[in-house]
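Please look over the sequence and the fold before reading on.

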Amino acid sequence: GQTQAARITATITQIGTIKGSLAAFEIDNGYFPRGRDGLQELVTQKADAIGWKGPYLEEIPLDQWGHAFIYECPGRVRTTGYDIVSMGPDGQLGTEEDITNGPAAKKH
């Protein structure tokens, strides 16, 4: 149980780091990266990101179970912002084990 709790805590921390990088990107460019592959814009500049001062991340991290974070902008939950989701321990999207960028990046 402690190992799983530590992984959940580390994944919440990773989501916080990604959120910080997205905030810096938004300050520099005036928008959040769009689409499902938007996190890539934190590592590599796109031609239309003229205020880009990155890289904002050295690489896009995987969650603590080795899965890619799911990013959508606009988000399905946060329609005026973005969603970041880790599929959590079960590796399945849309379950109670998902970890998101909710109010405190809590597990649902």
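The protein has one helix and three strands, where helices (H or I, at least four residues) and strands (E, at least two) are DSSP runs numbered from the N terminus. Along the sequence these elements follow the pattern α-β-β-β. The radius of gyration, taken over C-alpha atoms, is 14 Å, close to the 13 Å that the globule rule gives for 108 residues, so the protein is as compact as a globular protein of that length; the globule rule is 2.2 Å times the number of residues to the power 0.38.

This is a predicted model, in which local features need pLDDT of at least 70 and side-chain atom pairs count only at pLDDT 80 or more, while totals for chains, interfaces and linings use all residues. Residues are numbered from 1 along each chain as its sequence is written, and side-chain values use heavy atoms, with hydrogens and water left out.

Turning to the interior, 37% of the 108 residues count as buried, meaning under 20% relative accessible area with a 1.4 Å probe and protein chains only. In soluble globular proteins, nonpolar side chains tend to be buried together.

Leaving aside neighbours within four places in sequence, Leu39 is in contact with Ile18, Leu22, Ile60, Phe69 and Tyr71, where contact means heavy atoms within 4.5 Å.

Methods:
Buried means under 20% relative accessible area, exposed over 50%, partly exposed in between (1.4 Å probe, protein chains only).
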